[in-house]
Amino acid sequence: MGETHSLEDRFQAFVEAENKVEPKHWMPDGYRKTLVRQISQHAHSEVVGMLPEANWITRAPSLRAKLILLAKVQDEAGHGLYLYSAAETLGTSRDQMIDDLLSGKAKYSSIFNYPTLTWADMGAVGWLVDGAAIANQVMLCRTSYGPYSRAMVRICKEESFHQRQGYEIMMTLAKGSPEQKAMAQDALNRWWWPSVMMFGPSDDNSPNSTQSMKWRIKRKSNDELRQEYIDKTVAQAEFIGLSIPDPELKWNEETGHYDFGEIDWTEFFQVIAGNGPCNSERLAARQKAHNEGAWVRDAATAYAAKQSARQSNPSKQTHAA
């Protein structure tokens with residue numbers, strides 16, 4: 001018992017000294033469990049997040065828009081792969097993580113359970129959703145777990161591109177016809193509060209945040225990140241002539257931040273529980289893709305086994321004369 005406490009104390013001192021924890025290092029079981037949960041949920045969110053955008057690839061208004069959206073969806077797939085790989089270094093298999101997603105056991109970001117109704121939603125998703133993701137993920141470039149930290153460096157660079165792409169769409173619509181500006185404002189109205197909820201429950205109702213910050217997995221609290229996001233995004237909306245759909249939003253000279261209205265946490269927890277507008281649709285789409293892709297996985301596994309056998313028995317290989 002005393003030895004365990006000693007190891008935990010040494011581990012805590014190690015992360016407090018801003019060292020990176022690597023897969024072969026000793027770590028508390030709780031640290032490992034927290035990381036598997038967080039990284040796998042992050043990976044699931046990247047993969048499920050491809051779905052609402054992929055629906056608009058064939059309906060993008062120009063070839064340029066189509067190419068950009070295709071690149072973005074491909075980026076999200078790559079992010080999922082980086083993150084599943086990082087989580088695997090903690091001893092949990094990718095198959096297990098994917099099974100947990102497909103069975104409904106694992107969670108992913110609630111934001112992806114909302115529908116994308118118009119082209120302006122592609123702008124709102126890029127600007128607001130990816131903007132919130134950047135606010136949350138930049139700190140993860142300094143997270144204490146090495147593989148996660150390194151994966152996040154590239155992911156954040158690509159997410160910055162996604163955010164700019166979305167903001168460009170919204171700016172173009174806002175400067176267009178009255179109908180186009182109305183479309184942009186409607187998308188902002190529908191995506192604002194879900195994007196604000198992306199940072200998770202308030203600090204006094206977030207059971208994992210305190211320990212995650214102690215272990216340097218997280219570097220800022222949910223409410224800190226939410227406030228930073230709101231402060232930054234309000235100015236961006238004003239610049240393109242759109243209005244944040246919050247009548248209680250106002251600048252507070254004393255705090256140097258925006259005060260904002262009450263978040264509908266009932267809606268948040270309903271979506272997390274599987275009762276959002278698109279929960280069943282998103283899960284069904286992932287299950288269908290997984291089932292239809294089984295032959296590709298089987299073929300890749302068979303090919304890998306064949307290559308491994310050839311390398312193990314070089315004398316059996318035939319060579320051209």
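Predicted model: local features only at pLDDT ≥ 70, side-chain atom pairs only at ≥ 80, totals over all residues.
**Figure 1. The largest cavity and its lining.** The structure holds one cavity of 30 Å³ or more. Which residues line the largest cavity? Val15, Glu18, Asn19, Lys20, Arg142, Thr143, Ser144, Arg216 and Arg219 do. By class, this lining has five charged residues, three polar and one nonpolar. Rolling a probe the size of a water molecule over the atoms shows where empty space is left.

Figure 2. Most residues other than glycine have a negative phi. Glu18 is not a glycine, yet has a positive phi of about 65°. Arg216 also has a positive phi of about 65° and is not a glycine. Both residues belong to the lining of the largest cavity. Glu18 sits in the loop between helix H1 (2–16) and H2. Arg216 sits in the loop between H9 and H10.

**Figure 3. Ile217 in the loop between H9 and H10.** Ile217 is found in the loop between helix H9 (209–214) and H10. Its relative accessible area is 0%, so Ile217 is buried. Which residues touch Ile217, leaving aside neighbours within four places in sequence? They are Tyr31, Thr34, Leu35, Gln38, Leu140, Thr143, Ser144 and Ser212. For scale, Ile217 and Ile272 lie 22 Å apart in space, C-alpha to C-alpha, and 55 residues apart in sequence.

**Figure 4. The crossing of helices H6 and H7.** Helix H6 (residues 119–137) and helix H7 (residues 146–174) have axes that come within 7 Å. The axes cross at roughly 145°. The crossing is left-handed. On the H6 side, the contact residues are Trp119, Ala120, Met122, Gly123, Ala124, Gly126, Trp127, Asp130, Gly131, Ile134 and Gln137. On the H7 side, they include Met152, Ile155, Cys156, Glu159, Gln163, Tyr167 and Met170. By class, the contact of H6 with H7 has 13 nonpolar, eight polar and two charged residues. An α-helix has 3.6 residues a turn, so residues three or four places apart point the same way.

**Figure 5. Thr233 in helix H10.** Thr233 is placed in helix H10 (residues 222–239). Thr233 counts as buried because its relative accessibility is 2%. What does Thr233 contact, leaving aside its neighbours within four places in sequence? Its partners are Trp127, Leu128 and Trp192. Trp127 is also among the H6 residues that meet H7.

**Figure 6. Helix H5 and its cover.** Helix H5 (residues 94–102) has Met97, Asp100, Leu101 and Leu102 as its buried residues. What covers them? The cover includes helix H2 (29–48), helix H4 (63–88) and helix H12 (279–292). Just after H5 comes Gly104, with a positive phi of about 90°.

**Figure 7. Pro207 in the loop between H8 and H9.** Pro207 lies in the loop between helix H8 (178–197) and H9. Is Pro207 buried or exposed? Pro207 is exposed, because its relative accessible area is 74%. In sequence, Pro207 and Pro194 are 13 residues apart. In space, C-alpha to C-alpha, Pro207 and Pro194 are 21 Å apart.

Technical notes:
Residues numbered from 1 in each chain as written. Heavy atoms only, no water. Axes fitted to C-alpha atoms, helices over the stretch in contact; angles between N-to-C directions. Helix = DSSP H or I, 4+ residues; strand = E, 2+ residues; numbered from the N terminus. Left-handed = near helix turned anticlockwise from the far one by under 90°. Contact = heavy atoms within 4.5 Å. Nonpolar A, V, L, I, M, F, W, Y, C, P; charged D, E, K, R; others polar. 1 Å grid on protein atoms, 1.4 Å probe; cavity = no way out; pocket = protein on both sides within 12 Å on 5 of 7 lines; lining within 4 Å. Points joined across faces, edges and corners; volume = space filled by probe spheres on them. Buried < 20%, exposed > 50% of the residue type's maximum accessible area, 1.4 Å probe, protein only.
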